[in-house]
Amino acid sequence: MDRDRTRHREQVEKLISCRTLHGSESLCKLLHYLADHALERSGTSPKEYQIATEVFGRPKDFDPHLDSTVRVQAGRLRAKLAEYYASEGAEDQILIDIPRGTYALAFHDRPQGGARNLAASPQESFREASRGGQNPRNWLVAAIILSVILSVAFTIATDRFLTHRTVAAGVEPESADMPTALRVFWRGFLTNPQEPWVIFSNAAFVGRPTSGMRYYNSARDRQTHTLDHYTGVGEVLAVHALDNVFGELHQQLRVKRGSLFSLDDAKNNDLIFVGSPSENLALLEIPSTKDFVFREISSGPRAGEVEIVNLHPESGEPKSYLATPSNEPLTEDYSVVALVKGLNPSRSELILAGTTTIGTQAAVEYVCQQDSLGELLLRLSVSTSGELKPFEAVIHVKVARGVPVGTELVALHKKPL
């Protein structure tokens, strides 16, 4: 029993230091608390009131009917655990989850030989483990992981509704548990009565997945049927990262694909664009970046690839930024992170885009993590009580096996109001 407790404690510490939970201070606090409770008081579940007051510093008159903080955070921790075990924790021998309907952390030993199947994806693992002849323990563990994935969407939708009701009732939700850099950076997107819109890239393609697809070209594809229901893996993960942050800020988001974007959206809402103008064509219709712009290379060995052009290079800055050539494995990319005034000057646009879908993912993660945001705010000279002013920046992204593993701020231009 003592050996199991030690192994379980080590697994918790491994999770808290993992990349999936990096920057999620409030989720790490929650995981630590639930783990302590599970290991010290096995068989019991902490109450929502206990978690709210002891983990998130809510006052003694905390009312779970008016403040959904605990439910929101528990739902997000479930999602992070599922994400971890589907990626960097695919070989871990101890699985941790939070069964729905309780806040009691559960520990499970991974069956022998089960790591490879579970690493592929929770859904695929479930199908594999459900086939005849599989170990019943294999099926149980896969079912646990799958149930976490399926419950996340319901949890988020329910808690967002409760949060909306909280605001309508005149009770201002707190975000004091959020890292300071996140609260300062996103403050401007929390003050308008309408929730911000996330517009993700949704370029038109011609062809078929089975025979090959390419971007629609108006000069030669006018009579060709187009496909406008595809987006990149980076955009998908980017929207998930934004949803996590805004959930912790107790703010709703609306998500819309670029092909359905209208100028009315630009006039009435704060906007977060995910993806470059080469794929997020909506950016071509409204105010965008003035210093760092995306352009397709028209000639030479890299014709057809996209670069970021520096229209007004400052001292020591290059005139353009290029990712790894498209005929080589992607190891580096460049991304733009920019805050500009919208078509309606009272509204803001945040542009988060790489020259590839992986660069776009990195740009969004850059503004969703405390460490990188802290560096950006320091370079912008923004205090904790200050206002974030328009800026344009370029980040260098290191990529390994299709995953952004590091970013560096390489250019920053402050813009006039």
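Does D109 count as buried, partly exposed or exposed? Select D109: at 36% relative accessibility, this residue counts as partly exposed, where buried means under 20% relative accessible area, exposed over 50%, and partly exposed in between (1.4 Å probe, protein chains only).

The model is predicted: local features need pLDDT of at least 70, side-chain atom pairs count only at pLDDT 80 or more, and totals for chains, interfaces and linings use all residues. Residues are numbered from 1 along each chain as its sequence is written, and side-chain values use heavy atoms, with hydrogens and water left out.

R7 lies in helix α1 and D109 in strand β2, so the pair ties together parts that are 102 residues apart in sequence. Helices (H or I, at least four residues) and strands (E, at least two) are DSSP runs, numbered from the N terminus.

Then select K14 and D92, which form a salt bridge with closest N and O atoms 2.8 Å apart. K14 belongs to helix α1 and D92 to the loop between α4 and β1 (94-97), so this pair ties together parts 78 residues apart in sequence. D92 is buried at 5% relative accessible area, whereas K14 is partly exposed at 41%.

Finally, select R302 and E305: both are buried, and their salt bridge has its closest N and O atoms 2.7 Å apart.

How values were computed
A salt bridge is a side-chain nitrogen of Lys or Arg within 4 Å of a carboxyl oxygen of Asp or Glu.
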